[in-house]
Amino acid sequence: MNLDTLITRGRTRVMGILNTTPDSFSDGGLWADHDAALRHAIYMAEAGADIVDIGGESTRPGAQEVSLQHELDRVVRLVESVVRETGLPVSVDTSKPDVMAAAVKAGAGMINDVYALRREGALETVARLGVPVCLMHMQGEPRDMQQEPRYADVVSEVLGFLSERAGACVAAGIPSGGILVDPGFGFGKTLQHNVMLFRAIPQFCATGFPVLIGVSRKAFLGAITSRPVSERVVASVTAAVLAAQSGAAIVRVHDVAETVDALKVARELALASFETGPANNR
């Protein structure tokens, strides 16, 4: 996958979430069956998704790690099927180097890693595979990240972390043009941390790397709206439009059709200033 082909100035891309896990926070168990997952991928493609992000291990707060074989079983065959049946680019949400390699061999064109390639062998694997990577910030690990997140200055610390990880990627041989960054909403952050990071999206865009924003149905939107996870579609779509207005290159969402429609309306009706940020005009 070539990021310059996927990402163009003026049009935020929609990444559809496809979790094949029994315990993801919003859609756990819905797409654990291969055929059901494939049907949902086809639906998202028809609804206007630009890319599908497949995950075989939950990273919700409190989630426990799954075995390598379990993750391979959940991901690899599905990647092959989604690429074949939809023709869309596929990203794989994983931190395991062996899953990365197997997924790319199966047809995936991008790695989305909540650990930002900090696990042993991950940097070298992505450099060898030659695919783009999204680096996400997370304080702690999924099993404990929401217990007591603390920052002196959340925006500067997350920016610094992502800059350091991007530098490590370049040093390992990953081209800078193949790197995206994600502030990691909900991954070791309180409501106020998430709000501050969201308002700082333009600062992340100013780093020169395309920015991926994933806030769909997350707990902080529930805290703002007092809505359960099943009733956060409007909040999620609103946040996606605001992220696009702030310069996000990609929004990662559960509700593809609703988000695609909202972004179309926003582009058509908003002022001329509505466009993705300078990081997407590399």
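Visitor: Cys169, is that one buried or exposed?
Guide: Cys169 is buried, with a relative accessible area of 0%. Keep in mind that this is a predicted model.

Visitor: And what about Cys205, buried or exposed?
Guide: Cys205 is buried too, because its relative accessible area is 2% and the cut-off for buried is under 20%.

Visitor: OK, how many disulfides are there?
Guide: The count comes to zero disulfides. A disulfide is a covalent bond between the sulfur atoms of two cysteines.

Visitor: New topic: strand β3. Which residues does β3 cover?
Guide: Strand β3 takes in residues 90-93. Val90 and Val92 are on one side, Ser91 and Asp93 are on the other, and all of them are buried. In a regular strand the side chains alternate between the two faces of the sheet.

Visitor: How many bridges join β2 to β3?
Guide: Four, and the two strands run parallel. Strand β2 is residues 51-55. As an example of who faces whom, Ile54 stands opposite Val92 in β3.

Visitor: What about β3 and β4, how many bridges there?
Guide: Three bridges, again in the parallel sense, with β4 at residues 110-113. Here Ser91 stands opposite Met110 in β4.

Visitor: Which helix goes with β3 and β4 in a β-α-β unit?
Guide: That's helix α4, residues 97-106, and the unit is right-handed.

Visitor: Last one: where does Asn19 lie?
Guide: Asn19 lies in strand β1, residues 13-19. Asn19 is buried, with a relative accessible area of 11%.

Visitor: And how far apart are Asn19 and Val75?
Guide: In sequence they're 56 residues apart, while in space they're 9.3 Å apart, C-alpha to C-alpha.

Definitions and conventions
Residues are numbered from 1 along each chain as its sequence is written. This is a predicted model: local features need pLDDT of at least 70, side-chain atom pairs count only at pLDDT 80 or more; totals for chains, interfaces and linings use all residues. Side-chain values use heavy atoms; hydrogens and water are left out. Buried means under 20% relative accessible area, exposed over 50%, partly exposed in between (1.4 Å probe, protein chains only). Two strands pair if DSSP finds at least two bridges between them. A crossover is right-handed if, with the strands pointing away from the viewer, the path from the first strand over the helix to the second runs clockwise. A disulfide is a pair of cysteine sulfur atoms within 2.5 Å.
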